[in-house]
Amino acid sequence: MKDNKGAGLKHFLNKESTAGVVFSLPFIIGFLLFMVVPMGISFYYSLCDYNILSPPVFAGLKNYIKMFTDDKVFSQTIGVTFYFALVSVPLRLIFALMVAMLLLNTTKATGFYRAAYYLPSIIGGSVAVAILWKRMFATDGVVNHLLGIMGIQTSFAWLGNKNTAIWTLIILAVWQFGSSMLIFLSSLKQIPVTLYEAARVDGANKFSQFFKITLPLLTPTIFFNLVMQMINGFLAFTQCFIITQGKPLNSTLFYTVYMYQQSFEFYNTGYGAALAWVMLGIIGLITAILFATKKFWVYTEGV
Amino acid sequence: MKKRIALLMAAAMAAASLAGCGGGTSTTADTTAGSAAEDTTAASSGNAGGDTKLTMSWWGNQVRNEKTQAALDLYAEQNPGITIEGQFSEWSDYWNKLATSAAGQAIPDLVQMDYSFIDQYVKNGLLVDLKPYIEDGTLDVSNISENTIASGTVNDGVYAICAGINAPSLLYNKTLLEENGIQIKDYMTTDEFMDVCRQVYEKTGYKTNIAYYNAGAYLDYFMRGYDVVLYGDKKMGGTVNDYLPFFQMYETGIKEGWFIDPGVFAELSIGSVEQEPLVYGSGPETMSWCAFYNSNQLTAIQKAAPEGMEIGITTWPSADPKKSGYLKSSMFFSVGAHTKNPEEAVKVLNFLTNSSEANNILLGERGVPASSVISEELAPKMSDVDQEVIRYINEVVTPNCSPINPPQPDGASEVSNLLNQVQEQLCYGAYDAATAAEEFFNGANNIMNKK
């Protein structure tokens, strides 16, 4: 009997699925503890009056109702965030694709260039770069100096004008094209050379080669990049928080920063949690829409 | 074998991603998930081998950070086995951080407190009542006036000890004004102040910053000049017309060109002494001849000023500055309720309040010391700048001041934010003064009556 049990245990331990679970346990525990549990708590808070310092009091859907009926800033931040994401993400992808095409040709320096162009997406989200950006676009910053050298003397306050401030953030976002570029690069390399050779024989020029071969075969990658970057775009925080703080006139106030302000500056933490859940819904919806359009433009046949 | 290695790698990667996620998410989990909470809990719970570690948090500027840390180090030196870790941030970050650590049951042992937050923190049981320690002599308050003690008293408990006394003060570029023969007198009215702004602009090109995007305290002061108390019970004091003169002052400044271009502030961190347009900027276009601060900040502003710029001090303008003026505790020291060593924390508090050695280092940077013995002792040792502050408090403000308004109620920080936004609209020309007053008054009432 005892032997039997021991053998059973041994058998259990030797099973591949057990090993799998044991080895993935650190991740599972982490995921439950640091993702699922806080998310559950935050959902509860979103239904409460909660100011961090005193215990939450259940308030039903009050926070959600307030958001849609009694908060002008809410719709303003939605507008700003959509504008930012819908402009910066396509620009970034176009830029990434262009640079990837350039770096496709292998020369001795290609490795260096690839690393150099990838660098901004590692450091671009950091506080240091945000501060650097703020200085660059200052009235006495590098940008105005460069314009001065080119003969346009100006002390224009890029960050102080409500039409240009958002663009400094967009440019910063576009500059971080490195990770999309690498993904484009690897899928560009997988496009069979034979296709291009055949096209050349048929007399297609570079231009139509790009639109007839490269682009269609890249659509799955474009789709992947679009979804990932769109999500990132909606969640952008650091740039706005450090560089503009939403100024001027809330023209750069990102949704996430507004959420932070409500939660930790005005101590309306319950309301902040509700804002977070609405953002989750919005991102889910956008991703669903992107997936729904997939069949119309993404090429999925085997190559 | 290969499979084993692959599994191992997967596990290692999972562990790595876990570590990454643990450090990055600052959620409300009661473990040490928050990176903000991490340093406080780590420090306050480390109590092995007779070593006591305390943490103290404050907001402030470079001068204060250096002086306070030096005083704490001195205490640690005199009391072997005790180390005190200072955590400092700027005003706006400070309260986010403190609230988060309070929610994580890890409020620092010693906390710098502000008049406007005391009520809230005491109500939620986050501060230690110091009365027992005063009674058993651990904390000596014999040299502190009753009024000053009262300012840190809530519901019969003493929760905070005044860290310095100060008064609202207009800091100005004395060198610039003297060179151009412009006179400044104490107790300027709003109209006299605006005349000075015009003169300065015409003669030197320097502009004026009237507490842009940071005017909560100034509005409070300004309204006192009209006998209006800013915050009522779940509503704003006065009527919408009472607020009109405040916004008209900005409108006039924008129209006449002497008010600083609000675009300048997009490049600065507002409220930071080092980036105040009075001392920071590339030329008269982007600089101001004055700044709205408290008297204890003169030292820091003077230090941040470029060489050869002497900073003067006078009262904030209002319709009747003698009515508006008040003395306040610039800030308090409190003991956090989650401390494991309240006794030790109180001893440090006593050291900061009553020790001449400590105050020889601090030199009244937080305001005139609460202890009369210390402030007398310190006077001759102080720099000219600090003595100027004491002169200002004793000779200018004290003879003509009235009690400060009650602590700000819940919702005040949201109202201040609304004020900033309305002021911004006004300065960018989107609102006129009447619209601004209306938007502010209605919006603020709306916020207050929901609290």
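Predicted model: local features only at pLDDT ≥ 70, side-chain atom pairs only at ≥ 80, totals over all residues.

Colleague: What share of the residues of chain B counts as buried?

Modeller: A residue is buried if 20 or more other C-beta atoms, placed from the backbone, lie within 10 Å of its own, exposed if 12 or fewer, and partly exposed in between. Of the 451 residues of chain B, 46% are buried. Asp432(B), with 13 other C-beta atoms within 10 Å, is partly exposed; its place is in the loop between α18 (412-427) and α19 (433-448) of chain B.

Colleague: How many helices and strands does chain B have, and with which strand does β6(B) pair?

Modeller: Helices (H or I, at least four residues) and strands (E, at least two) are DSSP runs, numbered from the N terminus. Chain B has 19 helices and 10 strands. Two strands pair if DSSP finds at least two bridges between them. Strand β6(B) pairs with β10(B), residues 328-335, in the antiparallel sense over 5 bridges, and Asn166(B) stands opposite Lys328(B). Since 6 of the 6 residues of β6(B), residues 161-166, are buried, this strand is largely enclosed by the rest of the structure.

Colleague: What span should helix α14(B) have?

Modeller: The expected span is 1.5 Å times one less than the number of residues. For the 13 residues of α14(B), 342-354, this gives 18 Å, and the end C-alpha atoms are 18 Å apart, which agrees. Its buried residues include Val348(B), Leu349(B) and Leu352(B).

Colleague: Which residues have the most contacts inside the largest nonpolar core?

Modeller: A nonpolar core is a set of buried Ala, Val, Leu, Ile, Met, Phe, Trp, Tyr and Cys residues joined through C-beta atoms within 7 Å. The largest has 173 residues, and those with the most contacts inside it are Leu110(B), Leu130(B), Leu171(B), Ile301(B) and Leu349(B). Helix α4 of chain A, residues 72-102, supplies the largest share of this core, 8 residues.

Colleague: What is Ile301(B) in contact with, leaving aside its neighbours within four places in sequence?

Modeller: Two residues are in contact if their C-beta atoms, placed from the backbone, lie within 7 Å. The partners of Ile301(B) include Leu171(B), Val273(B), Tyr293(B) and Ile311(B).

Conventions:
Residues numbered from 1 in each chain as written. Chains lettered and ligands numbered in written order.
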